[in-house]
Structure formats: structure tokens, C-alpha cells
Amino acid sequence: MTMTLAGCGGDSVSPSDVTLKLVAADYGDSKANSSQKYWDELTKEYESDHPGVKVDVSVYSWTDVDRKVKEMVDAGNAPDMAQIGAYADYAAKGQLYRVDELLSIPVQANFVSQLSDAGQTNNTQYGMPFASSTRLLFYNKTLFSQAGLTPPESWNGLAAAAKVLKSEGVTFPYALPLGPEEAQAETMQWLLSGGGAYTDDVGTYSIDSEQNIKTFTWLKDELVGKGLTGPVAPAKLNRADAFAAFARGEVGMLNGHPSLMQAAAKKGVQFGMVPMPGVNGRAKATMGVADWMMAFKKNGHAEQIGDFLDFVYDDKNVLAFSHHYDLLPVTTSASEAMAADEDDQDLAPFLDQLPASVLYPVGKTSWAGISADIKKQIAKAVTPAGSPTGIFSSLQLTATAADSAS
């Protein structure tokens, strides 16, 4: 059933007069599997049942899409919808529809709760999760078998395994990508495994917490300092390069998300996946990541946007996108369907992690800037001359000031 809410922006324009413009990110790695194909098929089906409505979708790479949307908004040409990496800045400026102004109640209620909560600013949801994933520790089964190792469950076990792998000549015993591509993700995974996070339980930045400093002190002393992270300095190692090295069989262990499965399998790498080790056993929480759909008020069209997005979030469409790009569904019903499907058992370990996952503080308008600072600064904390206390204290000061300003 498709429902539209009464009073959704008071659109007086008939559906036959409407062209909805959507800017979306590309999850493919080539023209052959570009997200443009997904959207073209989806909109063709929608338009066939809604002959007066046209949906015009422009797909851009992740390198360009956030910038493209910002340029459009700044120029006064905001799209009706954008599927990008962050929503909070636009919500804070009053540029977005509330989710309850758009979606039918069943669709609103169907989002996975952690993701729905992360889409809120000031207790109001503006961001609709579109794609999600969690992280697991990947390990090379062949290298582990040759070295007589079992997957680690604690930090000490991880360090001990890395030491053995190094002695066996493995290039990257543990790959630690703290390069600028996605250092904030690797950092957060480690902070969570140490019992910390970027924010505390009430959402205040706690970057310089005792747990966080202890975590990076351990990384510096027990992994990086002992040469267990490979020949490339963490500051120079990006996630994509680490994943490529894993797919070449050069990495013993690293944190990875579902897309790494396909890349490794294509290269014939035998791999296993386990929850991230913690200080004295498996970590109690893992990192979750979500990308966001949002709708701009600039052009009106709330009723038509809501109807189209109800269609986008139908289980069939959510599962089709998740299957194509090895991502996790963002709705409860699609997640349950995936968990029950024998053909999806390779994604089950990631799906199991989702209920206990912790997401970036994306509801903070300051987060984009803080994330950029982390990318630039965090690798210094594990260098020989670096000080985890100093780096984390500096990041905390910047985060507190930015949060207050916003």
C-alpha cells in the first residue's frame, strides 16, 4: 500500500506537471555496474505506474557527489532529492523536509532503529538511511593455516598472530589504513573495540577520553612500533590500497566491509571473517555506516517525493540494491528477509552486527569538519614521534569549539 500524509507541504501542482530531480551516488566501480543502471530501471518501473510523473536521476562518483549537491543548493537549484553522505548541514539550515512530511507511516516505522536514530537532528528525522554496512575482521585463511594460527579474539591475540605472520614473511601482518581516504573509519573501529567512541552516551564529543588514548597508545606501541603493520606507513595507506593488497594475498588481517568479500573471491583468496577483537575478548560494539537520502523543500513536490520514496523503500527494491552492491538493507523487513534467505548467508555475519553497531555522529553539523580533521591528523598519533594524548587533545579542542559554534 502507498499512503501519502495529509498536509505534506500543501502542493497544488498536479502529479502530471511534476519532474522530480534526484542526485545520487555511484556505488559501482565501473560503467558496467554503475548505480545509474539501478536508478534507470527503478524509475522506469515507477513512471510506468505513474504516467504523469518523471524522475530525472543524475549519478556522480563519491568523489564528486557531495560537492555537486552543495554547488546546486548554493546556486539556488537544489534537487528534489539527494542520496549522499551527510544531511545535517542542510537540515540545520531548514532546507529539508522532515521525514514525517514525506513517507507513509509504515515506511517510516520500517527503518532499522539504529539507522533511523542516526538520521535525526535535534530529535527530528531528516535523513533517511539508504545503504548501510558494518565491519568485521577479515583474515587470510591460507596464511593463517600455513602459520598454524586461529582467528584472534583479543588485542593480544591479534598482536601475537601479526608477529607470527611477520616471521612467515607476510607483507602486511595487519593492514592499518590511516591514510586520508577513510582514516576516520579505521579509527572508529579501533576506538569502539577499546570501549570508547567519538562521542559519549549523551552525544558530547569525547575524542580525548582515557579509553581512546589507551587504544591508540596500544596501537602505536604494540602494532606500528613493532613493525606489524607492513612496509607502508599507516598515514600513507588508504583503505582501497589495503583492500587491493588483501585481494592479492599480501595481508594477514584487516577491518573490512561486505564489498571486500567479492573483491577477494574474484582473486581466489580464501578468507574468513570474525568480529573485531577487543581488549580482553571480542569487542562489544562495531562500527556501522549509513548513506543518506534527503528531500529539499526548494521546489515543493512533497507529496510526489513521498510517494516515490515509499516505492524506493519497498522491500523488493531495497533488497535488489543491497544484493547488487553487497550492502545491508536499511529496513527491518528487508533485513529479516535477507537473514532468512540461504543465498544471503555470506552477508549474515555483517547483518548480525547491525543491531549493536555504532554510527558516526552524523546528526551533528560539526561532524563533517571533525571527520576531515581526523583524516588529516590521526595517523600522527602512531608515528615514533607522535603523542596519542597530544593528537587526541587537539582534536577534542577543535571538536568542542566546532560543536559550540554550530
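Colleague: In this model, the buried residues of α10 pack against β7, β8, β9, α11 and β10. Which residues of helix α10 are buried?

Modeller: Good place to start, and do keep in mind that the model is predicted. Helix α10 covers residues 239-247, and its buried residues are Ala242, Phe243, Ala245, Phe246 and Ala247. "Buried" is used for a relative accessible area under 20%.

Colleague: Why is Lys220 called buried?

Modeller: Set the value against the cut-off. Lys220 has a relative accessible area of 17%, and the limit is under 20%, so Lys220 counts as buried.

Colleague: Where does Lys220 lie, and what does Lys220 touch?

Modeller: Lys220 belongs to helix α9, residues 210-224. Leaving out residues up to four places away in sequence, Lys220 touches Gly225, Ala381, Val382, Thr383, Pro384, Gly386 and Pro388. Lys220 and Ala379 are 159 residues apart in sequence, yet their C-alpha atoms are 9.8 Å apart in space.

Colleague: What makes strand β1 largely enclosed by the rest of the structure?

Modeller: Strand β1 runs over residues 18-25, and six of its eight residues are buried, so the rest of the structure largely encloses it.

Colleague: How do you know that β1 pairs with strand β2?

Modeller: Pairing needs at least two bridges between the strands. Eight bridges join β1 to β2 (residues 53-60), so the two strands pair, and they run parallel. As one example, Leu20 has Val55 of β2 as its bridge partner.

Colleague: Now the sheet with β8 in it. What makes β8 and β10 its edge strands?

Modeller: The sheet is open and has four strands in the order β8-β9-β7-β10, with mixed pairing. Each of β8 (172-174) and β10 (271-274) pairs on one side only, and that is what makes them the edges. From one strand to the next, the twist averages 30°.

Colleague: How many bridges join β8 to strand β9?

Modeller: Two bridges join β8 to β9 (residues 251-256), and the strands run parallel. At least two bridges are needed, so β8 and β9 count as paired. Phe172 has Val251 as its bridge partner in β9. Helix α11 (residues 259-266) lies across β7 (136-140), β9 and β10, at about 165° to β10.

Colleague: Why is α16 called roughly antiparallel to α17?

Modeller: In general, two packed helices are described by the angle between their axes and the distance between the axes. Helix α16 (residues 367-377) packs on helix α17 (residues 388-405) at an angle of about 165°, with the axes 10 Å apart. Angles over 145 degrees count as roughly antiparallel, so α16 is roughly antiparallel to α17. The helices pass in a right-handed crossing. Ile370, Asp373, Ile374 and Gln377 of α16 make the contact with Ile391, Leu395, Thr398, Ala399 and Ala402 of α17. That contact has six nonpolar, two polar and one charged residues.

Colleague: And what makes α1 roughly antiparallel to α13?

Modeller: The axes of α1 (residues 35-49) and α13 (residues 315-325) cross at roughly 165° and come within 11 Å. Once again the cut-off is over 145 degrees, so α1 is roughly antiparallel to α13. Their crossing is right-handed. Ser35, Tyr38, Leu42 and Glu45 in α1 meet Lys316, Asn317, Ala320, Phe321 and Tyr325 in α13. By class, the residues of that contact are five nonpolar, two polar and two charged.

Key
Residues are numbered from 1 along each chain as its sequence is written. This is a predicted model: local features need pLDDT of at least 70, side-chain atom pairs count only at pLDDT 80 or more; totals for chains, interfaces and linings use all residues. Side-chain values use heavy atoms; hydrogens and water are left out. Axes are lines fitted to C-alpha atoms, for helices over the stretch in contact, and angles run from 0 to 180 degrees between N-to-C directions. Angles under 35 degrees count as roughly parallel, over 145 as roughly antiparallel, 65 to 115 as roughly perpendicular and the rest as oblique. A crossing is left-handed if the near helix is turned anticlockwise from the far one by less than a right angle, and right-handed if clockwise. Contact means heavy atoms within 4.5 Å. Ala, Val, Leu, Ile, Met, Phe, Trp, Tyr, Cys and Pro count as nonpolar, Asp, Glu, Lys and Arg as charged, and the others, Gly among them, as polar. Buried means under 20% relative accessible area, exposed over 50%, partly exposed in between (1.4 Å probe, protein chains only).
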